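User: I would like to learn how to read a structure like this one, feature by feature. Could you take me through it?

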Amino acid sequence: MAVTAGPAEAMPRVEARGVGLRAGLVTLVFLVAAVAIGLAVGPIHIGVGSILRSALSYVPGLPVHQPLDALDRAVLWQVRAPRVALAGLVGGMLAVAGASYQGVFRNPLADPYLLGVAGGAGLGATLAIVYAASAAAGSNWTVPLAAFGGAIAAVAATYVLGRSAGAVHTTGALVLAGVTVATFTAAVQTFVQQRHTDVLQSVYSWLLGGFSTATWSDVAVCAPYVAVSSLVLVLHRRVLDVLSLGDDEASSLGVDVSRARFAIVVAATLGTAAAVSVSGLIAFVGIIVPHTIRLLVSTSYRAVVPLSLAAGAGFLVLTDVLARTILSPAELPIGVVTAFFGAPFFAVVLRTSRGIR
Amino acid sequence: MIETRDLWVRFGPVAAVRGLSFRAEPGGWTALIGPNGAGKTSALRALAGLAAYEGEVLLDGRDVRRLGRRAVARLVAFVPQKPETPPALTVAEYVLLGRTPHIPYFGGESRHDREAAASALRRLELERFAERPLGSLSGGELQRAVLARALAQEAPVLLLDEPTTALDLGRQQLVLELVDALRGDGLTVVTTMHDLTLAGQYAERLILLDEGSVVAEGAAAEVLSAPNVAAHYGANVHVVSNEAGVFILPVRAR
């Protein structure tokens, strides 16, 4: 067959799909609606109009009167708003970290806890609850700090172990190292729990996760990590597409694969550790959300990463509404709600995603 | 132009390539041949900067080790034997990824990048496949998409590891004709090849490797002799040589 350059006018349209206007708008509307529902729904119903006017009344120079009385205002801005904000930050972070982990490990089942974040945070929190709390030395921040430190230490251990086992060349060694570290931390955590059955209840409720005690200071502590981490991950969205070609090809396209992978893992881990330390372990968000985007929009990380961030935030805000309203005034642990809806959803993903990576 | 001087590739105590030296000129096609485990792929991977090596690899006379990874990627395009082709990616998106060495790390494609990818698609007659997901292509179409991605890289050196594996006879010829046309554009082509007859017909120079060492080098008529094939492949063959080329025919030993 003869190969000749075709006529100049037959130039094919070459574009990367990216987020796209429609998917972007739909996700934005979903997020805004979730936030509105999160602020409006509760034992005291507050209308969306009142919420908007109340918010605007704080803007200096605008002639808007505060429509809410002191109690409603306190409920809205001191109880619900920080809770919605924190759920949004944590949901967005877990989803974007999950998407990035799936890209970097080229494994659709990878979640943000893959490299030992969950085990490390769980162990750190358990130790803090058992020893610091019983010694009455703990402040409100002891448990989150211990969880954060435990998570970072566990992932660092995974990385060191993985590298020594050859993870420079294969991601398999890193994942195996993660399993090893997670198993070890789980063993230590179970041992400590068994020795201190009196705190079992509070360890358990921390592990299941939730936002019932969310305050603005939780938001302030978590937000910078989430902002920086998700910015780094969103900036890597095209690099994640290149990495989907495998280490060899990405490398032959000029990408320093181990450095890119390290940057992505560090960003995802820091953000996840910060999220876990203020919310406990919330399963499945990091898997459900990115896979939904893949099924509905595109498998390109240019779409998956930014959309996961927004959709994950909206998803966890809505899940939190369910967690606090289904059995109101009692609260379900949010981990139970995400898993209850996540497991059947995940079954569907597994059935339909053959061939999708 | 790509050149190696005394190239060694080692895996622990085992040397996969032992002192390979050759030079490939623009518009030339060099084929690395040899039995399984001879070191063909290791040599090619070293040329692509994917395997650690001793000795020198020079691109236009410059030591590859002194060039950055991105600079090398602008000069050398590499297609592995089994390229990773994410099934949901469209052909256009896949080919566009070939522009990576020209795009800033955190940046997006420029107009020029999109045009280069479009002209690579056109060069391989893939215009009407541009919006199709890779998973929907046949083996031959997929191999063309992979070549288009390498071509979009706009690198003067093209390294192909077994470009015709898993293709039927007609598709093999098609792909090799395409590669031949590309070297007509001035590309330096280095391939590894299993099929000796095809290697002899397309590459103007063959390098026969056995256990990492060069055991024969030159035009098809010199390298593809029955004694060479018997000694290094352990194969019993009948060699037919005429004006159409050199043909290696396996003969069952009795």
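This is a predicted model: local features need pLDDT of at least 70, side-chain atom pairs count only at pLDDT 80 or more; totals for chains, interfaces and linings use all residues.

User: How many bridges join strand 4 of chain B to strand 5 of chain B, and what lies between the two strands?

Analyst: Strand 4 (residues 54-59) and strand 5 (residues 62-63) of chain B run antiparallel and are joined by 2 bridges. They form a hairpin with 2 residues between them, and B:Asp60 in the turn has a positive phi of about 50°. On another side of the pairing, strand 4 of chain B is joined to strand 1 of chain B by 5 bridges, also in the antiparallel sense, and there B:Leu58 is the bridge partner of B:Glu3.

User: Which strand of chain B forms a hairpin with strand 1 of chain B?

Analyst: That is strand 2 of chain B, with 2 residues between the strands and with B:Gly12 in the turn at a positive phi of about 60°. Strand 1 (residues 2-11) and strand 2 (residues 14-24) of chain B run antiparallel and share 7 bridges, and B:Arg10 has B:Ala15 of strand 2 as its bridge partner.

User: In what order do the strands of the open sheet in chain B follow one another, and which stand at the edges?

Analyst: The open sheet of chain B has 6 strands in the order 6-7-8-3-9-10, with mixed pairing. Strand 6 (76-79) and strand 10 (213-218) of chain B each have a single partner strand, so one side of each is left without a neighbour in the sheet. Neighbouring strands of this sheet are turned by 15° against each other on average, direction ignored. At one end of the order, strand 9 (residues 205-210) of chain B pairs with strand 10 in the antiparallel sense over 5 bridges, with B:Ile207 opposite B:Glu217.

User: Is B:Leu160 buried or exposed, and what does B:Leu160 touch?

Analyst: The way to decide is to count C-beta neighbours: B:Leu160 has 26 inside 10 Å and therefore counts as buried, the cut-off being 20 or more. B:Leu160 lies in strand 7 (residues 157-161) of chain B, and, not counting residues up to four places away in sequence, touches B:Val79, B:Val179 and B:Thr191. B:Met193 is 33 residues from B:Leu160 in sequence, with 8.9 Å between their C-alpha atoms.

User: Which residues have the most contacts inside the largest nonpolar core?

Analyst: The largest nonpolar core has 187 residues, and those with the most contacts inside it are B:Val76, B:Val95, B:Leu121 and B:Leu159. Leaving aside neighbours within four places in sequence, the contacts of B:Leu159 include B:Leu44, B:Val76, B:Phe78 and B:Val190.

User: How do helix 8 of chain A and helix 13 of chain A cross?

Analyst: Two packed helices are described by the angle between their axes and the distance between the axes. Here the axes of helix 8 (residues 216-235) and helix 13 (residues 301-325) of chain A come within 8 Å and cross at roughly 155°, and the two helices are therefore roughly antiparallel to each other. A:Ser230, A:Leu233 and A:Val234 in helix 8 meet A:Val305, A:Pro306 and A:Leu309 in helix 13, a contact with 5 nonpolar, 1 polar and no charged residues.

User: How many residues does each chain give to the contact between chain A and chain B?

Analyst: Chain A gives 33 residues and chain B gives 36. On the side of chain A, helix 9 (237-243) and helix 10 (247-252) are the elements that give two or more residues, and by class that side has 15 nonpolar, 9 polar and 9 charged residues.

Terms used. Residues are numbered from 1 along each chain as its sequence is written. Chains are lettered from A and ligands numbered from 1 in the order in which they are written. Two strands pair if DSSP finds at least two bridges between them. Helices (H or I, at least four residues) and strands (E, at least two) are DSSP runs, numbered from the N terminus. Axes are lines fitted to C-alpha atoms, for helices over the stretch in contact, and angles run from 0 to 180 degrees between N-to-C directions. Two residues are in contact if their C-beta atoms, placed from the backbone, lie within 7 Å. Ala, Val, Leu, Ile, Met, Phe, Trp, Tyr, Cys and Pro count as nonpolar, Asp, Glu, Lys and Arg as charged, and the others, Gly among them, as polar. A nonpolar core is a set of buried Ala, Val, Leu, Ile, Met, Phe, Trp, Tyr and Cys residues joined through C-beta atoms within 7 Å. A residue is buried if 20 or more other C-beta atoms lie within 10 Å of its own, exposed if 12 or fewer, and partly exposed in between; C-beta atoms are placed from the backbone. Angles under 35 degrees count as roughly parallel, over 145 as roughly antiparallel, 65 to 115 as roughly perpendicular and the rest as oblique.
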